[in-house]
There are 2 protein chains.
Amino acid sequence: MIGRLCIVGVGLIGGSLALALRRAGAVGEVVGTSRNEAHLRRAVELGVIDRYELASERAVEGADVVVLAVPLGAMTAVCRALRPGLGEEAVLTDVGSAKASVVASVEAAFGGLPSGFVPAHPIAGTERSGVEAAFPELFVHRRVILTPLESSSPVACQTVRGMWEQTGALVEETSVEHHDLVLAATSHLPHMLAFGLVDSLARLGDHDEIFRYAAGGFRDFTRIASSDPVMWRDVCLANREALLAMIARYQIDLRLIEEAIERSDGETLLEIFNRAKQARDGLYSEE
Amino acid sequence: MIGRLCIVGVGLIGGSLALALRRAGAVGEVVGTSRNEAHLRRAVELGVIDRYELASERAVEGADVVVLAVPLGAMTAVCRALRPGLGEEAVLTDVGSAKASVVASVEAAFGGLPSGFVPAHPIAGTERSGVEAAFPELFVHRRVILTPLESSSPVACQTVRGMWEQTGALVEETSVEHHDLVLAATSHLPHMLAFGLVDSLARLGDHDEIFRYAAGGFRDFTRIASSDPVMWRDVCLANREALLAMIARYQIDLRLIEEAIERSDGETLLEIFNRAKQARDGLYSEE
C-alpha cells in the first residue's frame, strides 16, 4: 500500500498507473503535476488523481512514491524542479522507454544517484496519448522491466516491483544496457519504420489516392505511426546509439531483400519470408 | 446470377469469394480445382464448393465465370492447363496483387488476350491462408480494383463488376500500371518491411529474449509477416519494377530519419513524426 503517490506527467501511462492502483486499493492519495493545468483539471474530473499541484516540488512533498511519466527530453528539467520537495525516504521511479538517458537525467539533476531511485519501463501503451486515453487495465499481463542500479536500495526495488504487480503486470529485471538494446529492436526501430513509411507515402503526389487503396494490413502496420511525436522524438535522441545500430542492421537486411528482388531470386525471398513467418507465428500462436 | 462458377485455387480469397456469392444467392454451382486434392475435399466439406475436378481443363468446362486465385508464379502454367476446356463465352478473371504480370501470363498462355478476360484485385485478406481461413464477409466494404484492358469486352467487365458487388465490395477501376504502383506502395513495400524486420530480429542471437519484450505495437506491426511466403515471393517477382522503385524511395526516407538521429536533430524528427501521425490519423479517424 502506497500512502501518497505522485504522478509527474498525467498522460496515458501515468494516468493508467494511477487508475490501476486506485482500482486495486493499493494507493491512498494520488497527487498529479504537469505543466498543463487544463490536463490536470481533466485528470481530477476523470477520477485519475485526487488533486494536483502545478509546482512539482510541492507535488512531491510527502509522497512515498514519485513516478516520472514525462517525455524523456523533459526528464532532467523535471527532476531539477522537483528535487527540493522530494523526501529523504521517497522512492523515485519512471516509465521511460530508454533507461540510460533517464539514469543520466536523474544523476545530473541530483548530483548523484539517490538510493530511492529505481528505473522502470512498462512495456505497454497504445498509439493514443493523454489522460483521456488512460484506463486501469493497460498493464494487465504486460511486462514491466525494472533496471535496478547498484545505487538502488532493496527496499525501493521492492516498492516499485510491488506497485507494478498491483496493476496486473509481469515484473522482470534486466540491466539498463540490455533493456535499451532490446527495446531499440522491438519497439524503437519498428516505430521508425512505420513513421518513415507513412511519411514517405504522404509526400507522394497523389497520396489520397494511394492511401485509398490501403488494406487492413496497412492499417495494422501503420498504427504505431499515430503515436505521440514528441515522445518518439525524445526516445530517438535518448536511445540514439542502440537505435542507430538497429537501423544500420535493418538497412543491411532490407538490402538483402532488395537485391534478391533485383536478381529475381525467388529462393532467397522464400527463405527470408518463411523464416519471418515461422518466427512471427511462434510468437503469437494464439492469433 | 452466375450459373456455374469455377474457382481455380480454393484458398482464403477464392474460398471467401465462393462463400460470399453462395450466401448472396448469386451463383448456381461452384466447381473448384487445385493441385491439392486434400484441400479440395476440405473445401467440399466446408461447403465452399459443390464439387471439384483435379484437371483444371475439366473444371472450367461449362463455367460462366472462371476466377484464377492461385499465386502469381503459377498463373501461366494454370492458364495453359485450363485453356482447352474454357468456353468461348466464359468470363475469365483473377485476384492477383499485381496486374501486369497476370496480363502477361494470360497473354502467353492464350497467345493473345481473350475478350472475356478482366483482371481484378480484391484489396482484402488476412495474414492467414488456405480454405480453412475463408469466410463470406471478407470483402464487405473492401475495395476491389478492376483493371479492364482494351481487349476486355463490356459484357465481361459488367459480369466481373456485378460478381464483386454481390460480395459487398466497393468496385473501382484503374489502369494496370497505376494499380501496380499504388499497391507496391501500400501493400508490397509494407510486407517487405515487416518480413525484413521479423527476419532481422529472428537472426539475432538472443531472439527469444528480444521477442519476449515486444509490446502490442510490435504485434500489430508484424502481423503481415505471417502472410503466405509463396504468395509474397510471387508478388515480389511479379511486381518487381514498381516494388524496387518503392524500396529505393523508402530507403532514402529512412536515411533521412537515420541522419536526423545521428546529428541529434530533434526538430527534423518531430517534423517527420508529426507529418506521419497527421496522415495516419486522417486515414483512420474513427480509431
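## How confident is the prediction?

Chain A has an average pLDDT of 94, and 99% of its residues reach at least 70. For the complex, the predictor reports an ipTM of 0.86 and a pTM of 0.86.

## Two copies around an axis

How does chain A relate to chain B?

## The contact between the chains

Chain A brings 73 residues to the contact, and chain B brings 73 residues. On the side of chain A that touches chain B, the elements giving two or more residues are the strand β8 (143-146) and the helices α7 (176-202), α8 (207-212), α9 (216-222), α10 (229-238), α11 (240-262) and α12 (266-283). Of these, α7(A) gives the most, with 17 residues.

What kinds of residue make up this side of chain A? They divide into 45 nonpolar, 12 polar and 16 charged.

## Helix α12 of chain A

One contributor deserves a visit of its own. Helix α12(A) has 18 residues and spans 26 Å from its first C-alpha to its last, close to the 26 Å expected at 1.5 Å a residue. Its buried residues are A:Leu269, A:Ile272, A:Phe273, A:Ala276, A:Lys277, A:Arg280 and A:Leu283. Seen down the axis of α12(A), these buried residues fall within an arc of 125°, so they line one face of the helix. On the other side of α12(A), A:Glu267 and A:Gly282 are exposed.

What covers the buried residues of α12(A)? The cover includes α11 of chain A, together with α7 (176-202), α8 (207-212) and α10 (229-238) of chain B. A:Ala279 is also part of helix α12 of chain A. With 19 C-beta neighbours inside 10 Å, A:Ala279 counts as partly exposed, since a residue is buried at 20 or more. Leaving aside residues up to four places away in sequence, A:Ala279 touches B:Val198 and B:Ala202. For a sense of distance, the C-alpha atoms of A:Ala279 and A:Gly85 are separated by 49 Å, and the two residues lie 194 residues apart along the chain.

## Helix α10 of chain B

Helix α10(B) is itself mostly covered, as eight of its 10 residues are buried. These are B:Pro229, B:Met231, B:Trp232, B:Arg233, B:Asp234, B:Val235, B:Cys236 and B:Ala238. Among the elements covering the buried residues of α10(B) are α11 and α12 of chain A, as well as α5 (99-110), α7 and α11 (240-262) of chain B.

Is A:Ile145 buried or exposed? A:Ile145, in strand β8 of chain A, is buried, because 23 other C-beta atoms lie within 10 Å. Not counting residues up to four places away in sequence, A:Ile145 touches A:Ala120, A:His121, A:Ile123, A:Glu172, A:Thr174, A:His179 and, from chain B, B:Tyr213. A:Ile145 and A:Ala225 are 80 residues apart in sequence, with their C-alpha atoms 24 Å apart in space.

## A backbone angle to notice

Most residues other than glycine have a negative phi. A:His141, however, has a positive phi of about 65° although it is not a glycine. A:His141 sits in the loop between β7 (120-122) and β8 of chain A, and is exposed, with 9 other C-beta atoms within 10 Å.

In chain B, B:His141 likewise has a positive phi, near 65°. B:His141 lies in the loop between β7 (120-122) and β8 (143-146) of chain B. B:His141 is exposed, with 9 other C-beta atoms within 10 Å.

Note on methods:
Residues numbered from 1 in each chain as written. Chains lettered and ligands numbered in written order. Predicted model: local features only at pLDDT ≥ 70, side-chain atom pairs only at ≥ 80, totals over all residues. pLDDT = per-residue confidence, 0-100. Contact = placed C-beta atoms within 7 Å. Helix = DSSP H or I, 4+ residues; strand = E, 2+ residues; numbered from the N terminus. Nonpolar A, V, L, I, M, F, W, Y, C, P; charged D, E, K, R; others polar. Expected span 1.5 Å × (residues − 1). Buried ≥ 20, exposed ≤ 12 C-beta atoms within 10 Å, placed from the backbone. Arc of directions from axis to C-beta.
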